[in-house]
Amino acid sequence: MSKAESKAPKATEIRAIKGTRDLVAPEVLLFQEVEAQAREVFRRYGFEEIRTPILEPTELFARAVGEETDIVGKEMFTFLDRDERPICLRPEATASVARAYVEHRLWERPGTTKLYYQGPMFRRERPQKGRYRQFSQIGAEVLGSGLPQVDYELLEMLWTLLRACGLGDAELLLNSIGCEADRRRYTEALRAALRPDIERMCADCRRRYERNPLRVLDCKVEADQPIIAALPTMLDYLDEPCRAHFSAVRTMLDEQGLPYRLAPRLVRGLDYYRRTAFEFVHGALGAQNALLGGGRYDGLAQALGAPAQYSEGIGFALGEDRFVIAMQAAGRASPPRGIAAYIAALGPELLPRALRLARELREAGLAVEVGDAQRKLARQLELAARTGARSAVILGPDEVAREEATLRELGTGNQRAVALAALAGELAQPAKAKP
RNA sequence: GUGGGUGUAGCUCAGCUGGUAGAGCGCUGGAUUGUGGCUCCAGUGGCCGAGGGUUCAAAUCCCUCCACCCACCCCA
């Protein structure tokens, strides 16, 4: 290459779009881990997977999540399709699941509908720790039952999942935000209680006072706290059915010994929530401390076209990106690569034999890596050790002449001659012994 | 959308009051012929985020822009 060429201006590097990122090892292994644990736990609780489109009509979220919410109002990636219809990248999946529930009349199938999902969601917010414009959620929804026991079982399932992932030290915050009428009465009560003090509160609270007084409750400004502490609590405004429902859920949690903290100030941001609302928080997450949130949304399915008697629902969404941060903070290590054997052939003329051996071992179910046969043995062994292989299979002219290989355990350095035909069996042993 | 912080080799960072760049790790090769994780040696690699200004001279001072991070709002 000439100097002129090397000095040519470099094309500007193409980079991932703001708020999106590439996930590679070791991080991606933890994502796989959460997903695997979730699948297993969900299976035990009778959930089946649903895969809904990433693209949806914008209208769906406007109707289900609420026109006035931040998510719909300013955070959706929405655009006009070629036929001029507004479509968007889904900002969450509960609305999609409810849409599918209605579209396929899933209530006509026997039993309660229990569905889980996993996949990317999109919100156009300013990125920060644990918050991305494309992020992954795992969630589950129970549709067609309003029994308190369903709420209880869902929370129990979540505790199981958290523990399986090493996050048993998370905290469950629990509240009931009542039904629509309760919320209206409470909102009025809040406004009335705030009226004398509102001028002394922070600018955000003054704005919330107008738009959504419930939000005043989770204001973090120190000076406002005494005022907030004196405000009436939602729980005093629940009507009898809502109060009974909430009390039944709490009784079950107490009976079964599952911990939670009553959080009368916990408010959910999406319009469709009713009654039970919850959040699991974890200390490792900085400002975005919600690992997972959810609640009951009776009536959502009806708003999308389901018959009233089948429109009860409850679900949650778990932020995988945040979950993984918490797992790392909890010292959860990524699982090792698990290469069973690294084949080191000595010289290019032995490469075909090495490839054949690798093929046989792989057919036997073993993870195998083949080294560069032109490199000297020391180098190949070094790479073998550093890629995390459990053992090296040395294939030199001497060994091959006897239809053998030298099997070297990389942890201990012990090695011995093994017949090529017996290698698969030998390599499979330690894997079985592993916990 | 608003605030604050940071931008120097692939990564983590040094470069004081201006004189066109360094370390550690990594990567490549070597320390006699087939044995790694240690050590030693050598090599590789940077228009010092971009553009403009001040100056004899700028990674270092000034301005603008951009990117990333953190926080607010809100949420998973």
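Okay, let's start with Cys 242: at 1% relative accessibility, this residue is buried, meaning under 20% relative accessible area, with over 50% being exposed and anything in between partly exposed, using a 1.4 Å probe and protein chains only. Cys 165 is buried too, at 0%.

Quick housekeeping. This is a predicted model, where local features need pLDDT of at least 70 and side-chain atom pairs pLDDT 80 or more, while totals for chains, interfaces and linings use all residues. Residues are numbered from 1 along each chain as written, chains are lettered from A and ligands numbered from 1 in written order, and side-chain values use heavy atoms, without hydrogens and water.

So, disulfides: there are zero in the structure, a disulfide being two cysteine sulfur atoms within 2.5 Å. For Cys 242, the nearest cysteine sulfur belongs to Cys 179, 3.8 Å away.

A polar side-chain atom of Glu 125 sits 3.0 Å from a base nitrogen of RNA strand B. For Leu 410, a polar backbone atom is 2.4 Å from a base nitrogen. Gly 413 has a backbone N or O atom 3.4 Å from a base oxygen.

Notes. Polar contact = N/O pair within 3.5 Å; in protein donor to acceptor, adjacent residues only side chain to side chain.
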